[in-house]
Amino acid sequence: MKAQVLAGNWKMFKTRAETKAFFKEIGTELATTKIRKIVAPSPTLLETAVGAAQGTGIEIFAQNMGWAESGAFTGETSPDQLLELGVKGTLIAHSERRQYFGETDETAVKKAVLALAKGLDVIYCIGEKIEERKANQTDAVLRKQLAPVLETILPKLAAQGPAFLIAYEPVWAIGTGLTATPEQVKDTHAGIATLLKNSPVPLPILYGGSVKTDNFGGLVTLPHVNGGLVGGASLTSDSYRQLHQIFASKSGQSD
Ligand code: PGA
């Protein structure tokens, strides 16, 4: 059976009290299912989330990480600081980091290499903008974003090492209510899988961008889709639980 991952990206939402309430509401119901369950909250919530998530089966990831082990880098968080809190991994290169905070393919790869070397799992985000899709450049954009990954990260991956996951998130679908069609997701994920075919370990590919309870089932059954990176619909325990339920009910229906 293919790897299944449900990852919530909480972006800059929630207080500590809301974080505790979310995990209390989730309870232990999902704890032992085969789906890998992740939530990525803001840095100030990480410690609370790690504590509150105990027994829920949900792992806590950061949304970003600095590219140096330590040093004079105001505003950044190091891998050791994340590990000390019990954080299991990190998102890297989310399109909002690329769009608003100057993340480049170069800084992203540097961060990913360091995170993996430190034992943190990585969800590495790629995706094209609307004008790029309209100009038929999706393939070229993804190739460019993945080129340094193929060169620098893939050769370092090993079965016993930390996990490396790709999240394909078309920028025009994030937070807009516009989901890529199943046809677009199918074709794009197949293209990404082909690009990554020489990986020494299987690389799960998640879809992200306006995933909701009414479209998730149609997406996770597609070939080369191993789950979702979900923003808005991961914020309430009800919706997170429902996404999990939909995913679990589709198990075995996909490759
Ligand atoms: P969205 O966000 O589900 O709210 O569109 C997804 C993401 O940015 O990871």
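Because the model is predicted, local features need pLDDT of at least 70 and side-chain atom pairs count only at pLDDT 80 or more, while totals for chains, interfaces and linings use all residues. Residues are numbered from 1 along each chain as its sequence is written, and side-chain values use heavy atoms, with hydrogens and water left out.

**Figure 1. Overall build of the protein chain.** The protein chain holds 10 helices and 8 strands; helices (H or I, at least four residues) and strands (E, at least two) are DSSP runs numbered from the N terminus. Its radius of gyration is 17 Å, close to the 18 Å that the globule rule gives for 255 residues, so the chain is as compact as a globular protein of that length. The radius is taken over C-alpha atoms, and the rule is 2.2 Å times the number of residues to the power 0.38. Along the principal axes, the C-alpha atoms fill a box of roughly 45 × 45 × 35 Å. Among contacts with a separation of 6 or more, 73% come from residues 24 or more positions apart, a contact being heavy atoms within 4.5 Å.

Figure 2. The ligand has 14 residues around it, of which Lys 11, His 94, Glu 169, Gly 175 and Ser 210 come nearest; a residue is near if one of its heavy atoms lies within 4 Å. The shell comprises 5 nonpolar, 7 polar and 2 charged residues. In this grouping, Ala, Val, Leu, Ile, Met, Phe, Trp, Tyr, Cys and Pro are nonpolar, Asp, Glu, Lys and Arg are charged, and the others, Gly among them, are polar.

Figure 3. A side-chain N or O atom of Glu 169 is 2.7 Å from an oxygen atom of the ligand. Backbone N or O atoms lie 2.9 Å from a ligand oxygen atom in Gly 231 and in Gly 232. The protein buries 96% of the 280 Å² that the ligand exposes when taken alone, as given by the Shrake-Rupley method with a 1.4 Å probe.

**Figure 4. Thr 188 and its neighbours.** Thr 188 belongs to helix H8 (residues 182-195) and is buried, with a relative accessible area of 10%. Leaving aside residues up to four places away in sequence, Thr 188 touches Arg 133, Thr 138, Leu 142 and Tyr 168. With the side chain of Arg 133, the Thr 188 side chain makes a polar contact at 3.2 Å, that is, a pair of N or O atoms within 3.5 Å, one able to donate a hydrogen and the other to accept it.

Terms used: Buried means under 20% relative accessible area, exposed over 50%, partly exposed in between (1.4 Å probe, protein chains only).
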